[in-house]
Amino acid sequence: MSTVFKKFSKSDISIVPFNAHKQSTFNSASLSDAGGNFYSSSSPTVAYRSGTGFEWAGSSSLDDPNNHKKYFQLNHLFYKKSKLDYINKFSTIKYFDHYRVLHDKVNILSLPYKTIGYEIKKESFSLNQNSRNIKDDGKGNLYDIEYGTISSTTNTTDFKSENFRIFYLGPQNGHKLYDLKLKNGENLVNFEFNYSKDNLLDDSFLFNKIIYKDLNFSSKTLDGGSYPVLDFNGISSNIKSPHNSRYNFNQDNFAISFFVSNSVYNPNNNDKKYLISKSTTKTVIKSPNAITNPQVTGSSQGIEVEAEPQFPFEIYYQSSSINFDRHDGNITSTVSTISTSSNNMLHVVCQKVGSNLEIYIDGVKQKTATDNTTQCQNQANLYIGSKGGTTNFFTGSLSQIMIFEDSLSQTQINNLSQSIDNKPYVGNIFYSNGLATITKPNYQDILNPGNSNDFKLIYQGSHLIYENEYQCMVDQHEFDVTLNPSARKIKSKDSEDLANFATSSYFKPYVTTIGLYNDNGELLVVGKLGQPIRMSDETDTTYVVRYDT
């Protein structure tokens with residue numbers, strides 16, 4: 001006897017999730033129409049707290065409070081202390097794969113939520129504007145394909161790995177510290193020029209300690225972008241970083257890179273104006289004696305004394321030449337090249353490669369000399385802008401100071417000179433949030449609403465789809481009567497008398513449609529067969545119905 005409905009058991013039902021990727025293509029106009037948008041945002045140059053609330057100085061568009069709110073929200077969620085708060089910011093163990101730097105300006109792209117699903121598909125993002133092609137590397141970074149291709153598994157770009165960069169001072173947060181005498185827009189009382197309030201660490205992943213003295217911060221143009229620089233007054237300005245044995249290069253290859261602007265006020269004489277050195281002065285703990293009470297606070301603090309005569313590197317200006325020296329206590333090896341920069345920032349690389357010392361200016365090798373030194377290690381601190389923090393002070397600006405514990409190839413030096421920060425990255429993409437950012441200063445024409453050039457944007461959204469499978473089991477004695485009106489003597493579904501051809505034992509009904517119903521008898525899903533299937537009274541039959549939700 002036929003039945004009208006048959007219940008499913010749990011074993012008859014399976015639900016399988018899978019991803020479907022839908023591609024979206026927009027330009028600047030169609031993106032807004034679809035619910036997306038792009039913004040420019042910046043950090044305020046001056047902020048202060050009044051009695052009625054938080055206010056911003058200035059009235060231009062760059063000082064719009066909403067502009068700054070976007071900047072601070074973005075910084076709070078994704079950038080602030082990203083190296084230190086790594087687990088919360090990244091949720092991954094690939095520490096060196098993520099590079100997040102937020103300068104004073106950022107352009108933000110917000111994608112329509114309905115197009116991204118639960119996340120943007122990795123390695124599907126492509127942005128074309130102003131003859132530049134920006135893509136994502138599958139790890140949360142946006143890069144310029146001018147340098148090659150990067151993916152989650154391959155890398156055709158030639159930049160020195162972050163694993164070799166043991167010191168890096170941008171300063172990345174220089175835009176927050178233009179005037180060290182100010183805090184929240186107010187002059188500090190009893191200000192000490194030996195600044196040590198906020199930025200105590202360098203910008204590398206190794207967090208080298210930094211001590212500033214009499215420094216000013218400003219900005220200069222590097223390859224079309226405004227980058228923070230360190231300004232030295234030639235009198236007392238300098239930076240000290242405590243001794244690190246990794247800076248003690250003996251026969252090892254190494255490279256030191258920086259951008260420099262030698263002040264036009266710097267006297268053109270033979271006095272040495274030190275840029276970067278590990279020599280002259282070291283910090284030691286004073287030996288206790290009968291007079292010093294070791295229980296008194298500060299009794300065991302470090303003191304500055306003369307360091308060993310040998311040194312792994314000294315880089316300094318002398319007259320109009322940049323000099324790169326090494327000394328092992330007996331032999332001094334040196335290489336120098338004439339370089340005048342006035343107010344233009346030059347990129348300089350001084351490196352040891354095998355038995356040679358080399359100097360590059362703006363990516364071009366200038367001079368090579370033989371290195372005859374042997375053991376050059378010492379316990380001196382690293383000094384920037386002075387010789388040992390006491391003499392030979394430099395007048396001018398420095399930026400993007402890096403030390404690598406390996407030499408650089410010609411291609412790596414070219415890429416470092418052009419990229420400024422030794423990275424092909426121009427911003428970041430946050431896949432699950434539908435946000436992309438352009439953070440690099442010399443790429444601020446990309447996704448800038450003030451730029452009239454249109455862009456083309458392509459990406460794929462990952463939409464979670466569930467495949468629902470129902471196995472409709474039909475026993476051999478079930479559903480053996482047709483409900484088709486054409487099998488009735490009177491062609492009506494209300495007629496009970498079968499036509500003569502339907503009364504034969506050879507007659508079997510055919511299945512053309514399968515319906516799935518809820519407990520209330522309401523039809524939810526209809527499945528149409530590609531061709532009619534004849535029912536059997538000799539064996540069971542299983543129909544599989546699949547649909548996606």
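**View 1. Strand 15 alongside strand 28.** In this predicted model, strand 15 pairs with strand 28 (residues 395-404) in the antiparallel sense over four bridges; two strands pair if DSSP finds at least two bridges between them. Strands here are DSSP runs of E with at least two residues, numbered from the N terminus. Look for L230, which stands opposite L398 in strand 28. Strand 15 covers residues 225-233, and it's largely enclosed by the rest of the structure because seven of its nine residues are buried (buried means under 20% relative accessible area, exposed over 50%, partly exposed in between, with a 1.4 Å probe and protein chains only).

Residues are numbered from 1 along each chain as its sequence is written, and side-chain values use heavy atoms, with hydrogens and water left out. As the model is predicted, local features need pLDDT of at least 70 and side-chain atom pairs count only at pLDDT 80 or more, while totals for chains, interfaces and linings use all residues.

**View 2. The hairpin of strands 14 and 15.** Strand 14 (residues 216-222) pairs with strand 15 in the antiparallel sense over seven bridges. Here N216 stands opposite D231 in strand 15. Two residues sit between the strands of this hairpin, and D223 in the turn has a positive phi of about 55°.

**View 3. A nonpolar surface patch.** F8, I13, I15, Y118, L464 and Y466 make a nonpolar surface patch of about 530 Å². Strand 1 (13-27) and strand 31 (456-474) are the elements giving two or more residues to the patch. I13, found in strand 1, counts as partly exposed because its relative accessibility is 34%. Patch residues have over 30% relative accessible area and no salt bridge, and nonpolar side chains (Val, Leu, Ile, Met, Phe, Trp, Tyr) are joined within 5 Å, like charges within 9 Å. A salt bridge is a side-chain nitrogen of Lys or Arg within 4 Å of a carboxyl oxygen of Asp or Glu.

Notes:
Accessible areas come from the Shrake-Rupley method with a 1.4 Å probe; for residues, only the protein chains shown count as cover.
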